[in-house]
Amino acid sequence: MKNRSELNTERRRLLKLSAAVGVSAAAPFICRASKAAQDPEYDVIVVGAGMAGLYAARELMSKQYRVLVLEAGNRHGGRIFSQTLGETRIEMGAEEHYLARNNPIYDAVVDAYGTDVYAPAYVGDSLISMDGGKLCWEETGRCENDPDIQNYWKYWSYYGNRGKHRDFSLTVADDVLAQYGVDSEHRAYHLFDSGFAGSIYGASVQRIGAASLARQDWLWTLSEDVRVLKPRALGYSDVLDRIWWGDVLGQVKLNRPVTRVDSSSTKIVVHDATGDKHLARKVIVTASIGVLQSESIEFTPTLPESTIQAYRNIGMGRGMKVALRFSEQFWESKMAYLITEGLSSSGWVPSAYKQDTRDNILMCYPMGDNGQSLTDIARSAGGGQAGQEAIIKVMLSDLDLMFDGKAGVSFIDGIVQDWTTDPYVLGSYSYPMLNTYRQPVSMRQQLAQPVDNRIFFAGEGTSNQNPSCVPGALQEGARAARAVDRLLSADRQGRRRLKLA
């Protein structure tokens, strides 16, 4: 990965990396008929049918293990969630696809659909709102004349410098205040909080550890460039169901929240909320950092203190995606990204890269404190449909300020996906807290350590190099599957030797 100090000229492209995507092609396989559906005992039970869980199950099934996946919700896919607005498939979860470097998914998608399935993301200019709705185009305007915007740009070449970020007691907010004198009352605060911390890391500057962030960013191994799916009627969920999950979904049980994992006996007993018990030799837990922090899953015996300390010292972002459809395109065609001053935070234009769509769609991306504020507004409105309408009202108000009232009068409909209130996710994606990357072992690495070689943890939150994205989740699912395979293979060989003795 490039040193961030070399990337100042690339700040615009980096600004547009948000919640992400990807993993390298695995050869297709045909799994023999499993007897797991009839057999109450499994080699492996996977908790969670998100990206890490499904990929771990896929890898283990390809080696003929009996696998069961227990998913708490009513669908598979986790934080990949494609929906349709108007005639256009949009992503209410992960949206971006990284290019092929160290990425299992890019080649697999290209093999199935061809390179034309992808389009460059965020082609155009960024629109920045300042001082109560005054607008500035990042590249084609006069943003460079504003010293506060200049400082914001400078931060992109500074924040990843490990040599200048050694104090693990400082947040990004502390860092920005010390460098540029920007506090929460400053006119440029929203640039750092929404345009940087929220847009990229899903959190507030008040909560991200500056030194941990610098170390995490330095370890990143994925491509700096991203792509998005171009066909109007094709979503991320559709792609993965076709290329990977067909052989796995038969082993997934939906609406089965796991309540307890009991490893006190020879067989591990996994209890779900329906009252059923499932037996396994190994268990892979892929629940989100938010779910682990809620401690809604009981472990018997209690997890080691090192594991508990690990998930408590990894942040889980608060936030949502809000897709809005309009009867007209009231923004200029060159707009690819925007940073607002209000709770809507930042956003982009999915309809700009969806081929042949007639829809005009803006995607708002409220994260961190802004996302939490909107969650609270929705709750005060009574939740449900009324809560979603309250959130959309705030989005339209922010856009009306920027676009002279044109958003409200042309609004048709929208979709709100609040990941904070999803009981089986409880947040957007993980971020580095003050102590997440303290040496010698990071909290992500510590969480990835197996418990008695029987319980394994995997997900984007355990990825030390590529957290907060789909490739990281897939890589971690593969890591856990390899570890389980090594142990189960050794057991098989040991039993064979005993039979031969």
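Throughout this note, buried means under 20% relative accessible area, exposed over 50%, and partly exposed in between (1.4 Å probe, protein chains only).

The model is predicted, so to speak plainly about its limits: local features need pLDDT of at least 70, side-chain atom pairs count only at pLDDT 80 or more, and totals for chains, interfaces and linings use all residues. Residues are numbered from 1 along each chain as its sequence is written, and side-chain values use heavy atoms, with hydrogens and water left out.

1. Let's start with Ser 345, which counts as buried because its relative accessible area is 2%. Ser 345 sits in the loop between β17 (335-339) and β18 (346-348); strands here are DSSP runs (E, at least two residues), numbered from the N terminus. Beyond its neighbours within four places in sequence, Ser 345 is in contact (heavy atoms within 4.5 Å) with residues including Ser 194, Tyr 365 and Asn 370.

2. Next, the cysteines. The structure holds one disulfide, meaning a pair of cysteine sulfur atoms within 2.5 Å. Its partners are Cys 136 and Cys 143, with sulfur atoms 2.0 Å apart. Cys 136 is buried, at 14% relative accessible area, and Cys 143 is buried too, at 0%.

Definitions and conventions. Helix = DSSP H or I, 4+ residues; strand = E, 2+ residues; numbered from the N terminus.
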